[in-house]
Amino acid sequence: MDRRDFLKLTATSTGGLLLLPNFLTAKNLFSFEENYNDNVLIFIQLNGGNDGLNTFIPFENALYYENRPKIAIAKQDVINAINGMGFHPALKDLASISQEGNLSIVQNVGYPNPNRSHFRSQEIWQTASDSKKYLDYGWLGRFLDIQCKDEAVASVNIDNIDNLALKTSAANVLTAKNFNNVKQNVANENEFKLSENPQLDFVRNLQNASLQGMTEISKALQKAPNKRNSYANNPLAKNLEWMSKLIKGGLNSKIYYTSMGGFDTHNNQLQIHEKQLSVLNDAVFSFYKDIKENNLLSKVTLVIFSEFGRRVKENGAGTDHGTAGPMLIIGGNNKGKILGKNPNLETLDNGDLIFENDFRSVYATLLKQKFNFDPKLININNQTIKGIF
Amino acid sequence: MLIHNLNSLRLGFSTKQADAIKNKGLALFVDEQLNTNYKVEMPLFVAEGPKTLKEFQSLRKQVNSGEKDKEKVANEMAKLRFEWKAFIIKRCNESEFPLREKINLFFQNHFVSTLQSVKVPYWIYKHYETINNHAFGNYKTLVKEIVYSNAMIKYLDNQQNKKDNINENLGRELLELFTLGEGNYTENDIKNTALALAGLNFGEEKGMYRPRLKDNSTKTVFGKSGNFIIDDVIDIIFEQKNTPYFITEKILKWFFYDNPTKELVLKYGKLLKEYNFELQPFFKALFVEECKNTTCGTQIKNPLIYFLQVHNDLELAPNYTFLAFILKNQGMDIYDQPNVKGWKGGKDWLTAQIYSDRNQFIEAVIDGNKKFENRLNKQLEKFNVGEVAFNPKLTLQNTSSAKTILEELTSKMIFETTEDMKNELKDLLKYDFDPSSENANQIILRVYKYLAKCPEFQII
């Protein structure tokens, strides 16, 4: 199905104009670019294996404190209790998003035969393969190949390296560290001296301009409204800010992707995890405010995940690689619920949590409910999870 | 970058000679490359095509009279041109002595004659053969032979240079582009050189003076007078000061540095003069000495080296007509430079578009980009390119861990790694990557893709 047909389909599925969703007030109808009506998925991949148990905390479960005498988060520090679970204090703003009803959490997300190698487990999440199977293309790549192969920029990855999740055979996926050079120019040589080597500077200056899709990116950045919401001062926030600009500027990309490292907390977990979660919290909250203010919250779905959680029992001042963990979903008209049971700290698999929800069901849900796309077309055969959207 | 890989690129078109250089040592390697009796056999498609202007003109007559189909002939001629380009590229890639081909190509880019303009394939073949046969003789002789070549006479219109109707084109370019460079001669020198060239017209295997068109007056060049023919003028040109330095600078730019220092030009220019313009000892001294220099990152990689290097690294089966097409797109149309100045090289080799096209190629080869393949096949349909299939295979010596893989690839591919790059590579190929896993090859190819798209890979 090409994009034009797809658009027509969504237009007719809103069930007539009698019941206007609240974002389509008369005022907003005229201030939007036509492209705002498209759904956008944003993925934040937390690299290293984020410790789910210290992120969304089973603070009423005694086993939590028994297994983590040193690194458990104290009961009085846990915030926003929901059904025996609460947030790490660094996530104070995500907790408030949860209170507003705009944050869903899918608990115990993992997959059968879990792999505890960063490299391999990331691969599994990115290709949506079985634990023992190897697929060449990313799950989003395969989706875009069918849905968006004619787009100039089907997907934007703001990162230093390509992401396997987006690896595609036909669609145009753009990876860039930032778009600092783009707004002013598409090919402006000699903009700034980067190194001692003039040949290298010359080529580096060309690099950004040489990316496929830069014209569209440039157009979108120029169209984006100048009013700048204030964003937290960290790299993840900057990446999300670029995404917000591109969305507001009407770029046709359906998928945005970025990542954040530092979650492999084998040592000094309390300090490091708190720092990383603060960065995540501040960045996501800045983005959330921006998107909400511009009435885009229902169209933008933000998904946060990691390649695995960490072991229940602590190891020294940190934790080892584990298995299942929570997935966070913000925006996209989600119902703001906590899905799945609280982590079972009693029945473990070799000391690790046993997953309850296959990550591919979450993928299936996103594809079906945000894009009306049949996940079976890209070999994701899991059932969708009811109750997220 | 490992010095042997660096020198393999300097002295050829890929890193495939690195081992030979390492094992034999530089001096012996250069010696072998420069000492063979290296010939250029006439390819079949040239033998079968028109060999003289008369044959070519009669072909045109046949087209104009309707005897032969215009479009068919035009297509055949275009096909011939691409066959020649493919022939050259094949030699560069498959010759046992790539240094010879690189030197030949240097001189072809210096004494430019193009397929488009010369038209007669046999003349182009002779042009290349002349270069090949004199590239290690005396440079003065090479200049004389090239000026007498039918291709050059045609390319610079000297067949229209007659004693009653002087055409200065060849004369001017001889001084400005082939020997001395701007500012080292006067307009009078040009005029008189053109006079000396008057009447030099096409011949069977090479040009010859037509007595009725030749000028027999006294010419004065650089202060010397006489009834000169062009050989005499060239002798006088070689007595001028700048002659050795002009060509030396271009040689340094082609093989080593986009911006050679004045000192270096002086050093080797003097050497060329000391050798009395004998090219073989000059080249040997130049290569053995300059290849000791471990400084890299000095030269933007031309498209031919880029694509042959990638083909070799990934063991791609080369389709030479396809390569000719790609090189044309990349601004290096073999034997069809845009004008007599030739390919300027350096920063001219790279624009945002060219860089983007290189990246697309890499992605298509490694990821299998169907869209790119389809677009390519469409564009190539009429050129009868034949099958183009990409089956990349990367053979490394040490695949025991992520660390060894990264070390081997970076030392083979790029001239320096920044901190950022090191971190990004570690992200791309994490420490717990399992080299024995089923898809390990695919993953290593992704690292190659990352490196090949880096700015650093665009530079030698």
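**Salt bridges, strands and the contact between chains**

Author: A network of salt bridges links Asp162(A), Lys167(A), Glu363(B), Asp367(B), Lys449(B) and Lys453(B), a salt bridge being a side-chain nitrogen of Lys or Arg within 4 Å of a carboxyl oxygen of Asp or Glu. This is a predicted model, in which local features need pLDDT of at least 70 and side-chain atom pairs count only at pLDDT 80 or more, while totals for chains, interfaces and linings use all residues. Residues are numbered from 1 along each chain as its sequence is written, chains are lettered from A and ligands numbered from 1 in the order in which they are written, and side-chain values use heavy atoms, with hydrogens and water left out.

Reader: Which residue forms a salt bridge with Lys167(A)?

Author: Side chains of opposite charge can pair when their charged atoms come close. For Lys167(A), the closest N and O atoms of the salt bridge are 3.6 Å apart, and the partner is Asp367(B). The pair joins two chains, because Lys167(A) lies in the loop between β6 and β7 (173-176) of chain A and the partner in helix α20 of chain B, where helices (H or I, at least four residues) and strands (E, at least two) are DSSP runs numbered from the N terminus. The residue asked for is Asp367(B).

Reader: How many salt bridges does the rule find across the interface of chain B and chain A?

Author: In this interface, 42 residues of chain B are in contact with 35 residues of chain A, contact meaning heavy atoms within 4.5 Å. The two chains bury about 3300 Å² between them, 53% of it on carbon and sulfur atoms; this is the accessible area (1.4 Å probe) that two parts lose on being put together, summed over both. Across the interface, the number of salt bridges that the rule finds is five.

Reader: Is Asp51(A), which meets Arg68(A) in a salt bridge, buried or exposed?

Author: The side chains of Asp51(A) and Arg68(A) come to 2.6 Å, N to O. The pair links distant parts of the chain, 17 residues apart, with Asp51(A) in the loop between β1 and β2 and Arg68(A) in the loop between α3 (62-67) and β3 of chain A. By relative accessible area, where buried is under 20%, exposed over 50% and partly exposed in between (1.4 Å probe, protein chains only), both Arg68(A) and Asp51(A) are buried.

Reader: Why is strand β8 of chain A largely enclosed by the rest of the structure?

Author: From β8(A), Ile255(A), Tyr257(A) and Ser259(A) point one way, and Tyr256(A), Thr258(A) and Met260(A) the other way. Strand β1 (residues 40-46) of chain A runs parallel to β8(A) and is joined to it by six bridges, two strands being paired if DSSP finds at least two bridges between them. Strand β6 (residues 155-158) of chain A also pairs with β8(A) in the parallel sense, over four bridges. The strand is largely enclosed because, of the six residues of β8(A) (255-260), the number buried is six.

Reader: Which residue in β8(A) is the bridge partner of Phe43(A)?

Author: The strands β1(A) and β8(A) run parallel. Within β8(A), the bridge partner of Phe43(A) is Tyr257(A).

Reader: In what order do the three strands of the open sheet of chain A lie?

Author: The pairing in this sheet is antiparallel. Because β2 (56-57) and β3 (79-82) stand at the edges, each with a single partner strand, one side of each is left without a neighbour in the sheet. The order is β2-β4-β3.
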